[in-house]
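Look at the sequence and the model before reading on.

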Amino acid sequence: AEDFGRAVALGLWDYLRKSRANGYVISLSGGADSAACAVLVGLAVQLAFAQLGPDGAKARVPWQEQFAGAADAKAAVRALLACAYQPTENSGTVTHDAARTIADAVGAEFHVIDVDAQVKQYVASIERTVGRKLTWEHDDVSLQNIQARVRAPSVWLLANLRGAVLITTSNRSEAAVGYATMDGDTAGGLAPLGGIDKSYLRRWLAHMETHGLHGVAPLAALRAITAQAPTAELRPPAQAQTDEVDLMPYDLLEAIEDGAIRDKHEPLEVLQELQPRYPQLTAAQLAIWIERFFRLWCRNPWK
């Protein structure tokens with residue numbers, strides 16, 4: 001946890017300095033991935049202030065006037081980081097409150113950009129084109145993806161207006177099986193979580209909530225994230241969508257990924273390897289999830 005937090009924070013600070021960007025922008029969903037990105041940007045500034053001193057940190061980003069005038073590290077984070085929560089009719093108060101809580105805790109600027117009207121306009125336009133109504137029964141993935149994709153233009157515009165880098169929030173686990181929307185949560189110019197699996201990320205957030213890093217206080221506000229079951233929040237609320245119902249338990253997904261991608265094993269070999277590790281699961285249930293992983297992984301490049 002210590003090494004990951006410091007390494008990625010240093011990378012974000014260094015990228016900012018070398019690119020001469022005015023900061024970062026994050027589409028903050030109220031979930032684990034985007035919250036981790038916001039915390040990491042906050043850590044980049046905190047650690048720079050701690051190691052270089054306020055004047056030393058500011059001297060390395062002289063083109064950012066707000067940053068140069070910041071009174072403390074939290075004000076400096078606000079100068080460099082803007083977050084936008086972008087709800088549709090399927091978004092809930094839990095994620096809205098979590099997003100605001102995390103933005104406030106790290107010191108980021110926070111905006112709400114409601115994109116529901118744009119979603120409805122796109123859907124209506126396509127319905128006219130194809131000559132029928134789109135329904136959740138027949139068009140589930142399409143109706144989910146349009147919500148994620150509609151968020152990209154406005155958050156890109158916010159980043160462009162600020163002269164900032166838009167951060168990509170998708171992680172390795174979801175990218176492996178296509179549980180990330182092209183031009184949606186894959187939009188951005190820098191992906192700090194691109195090689196990080198979801199199980200590790202959730203453990204890291206729990207560590208940051210209760211322990212922090214050496215010299216960096218715990219961030220109790222992360223309870224708003226760690227207490228939730230991860231959800232894309234793209235289906236109607238009555239469907240109670242969660243990531244692990246859509247996919248499988250994240251720790252199992254990573255174990256299958258190791259066998260399939262890292263070790264290049266066939267599905268039957270993966271099943272034989274995992275049975276002793278998951279004695280609480282039947283071979284039939286494991287086989288269903290392994291088949292799902294391979295199907296999604298093989299289909300993913302064309303999503």
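## Terms and model

Contact means heavy atoms within 4.5 Å. Helices (H or I, at least four residues) are DSSP runs numbered from the N terminus.

This is a predicted model, in which local features need pLDDT of at least 70, side-chain atom pairs count only at pLDDT 80 or more, and totals for chains, interfaces and linings use all residues. Residues are numbered from 1 along each chain as its sequence is written, and side-chain values use heavy atoms, leaving out hydrogens and water.

## Helices 6 and 7

Two packed helices are described by the angle between their axes and the distance between the axes. Axes are lines fitted to C-alpha atoms over the stretch in contact, and angles run from 0 to 180 degrees between N-to-C directions. Helix 6 (residues 116-130) and helix 7 (residues 140-162) cross at roughly 130°, and their axes come within 9 Å.

In this contact, Gln118, Val119, Tyr122 and Val123 of helix 6 meet Leu143, Ile146, Gln147 and Val150 of helix 7.

## Helices 13 and 14

Helix 13 (residues 267-274) packs on helix 14 (residues 283-299) at about 135°, with the axes 10 Å apart. Pro267, Val270, Leu271 and Leu274 of helix 13 meet Ala283, Leu286, Ala287, Ile290 and Phe294 of helix 14.

Methods. Helix = DSSP H or I, 4+ residues; strand = E, 2+ residues; numbered from the N terminus.
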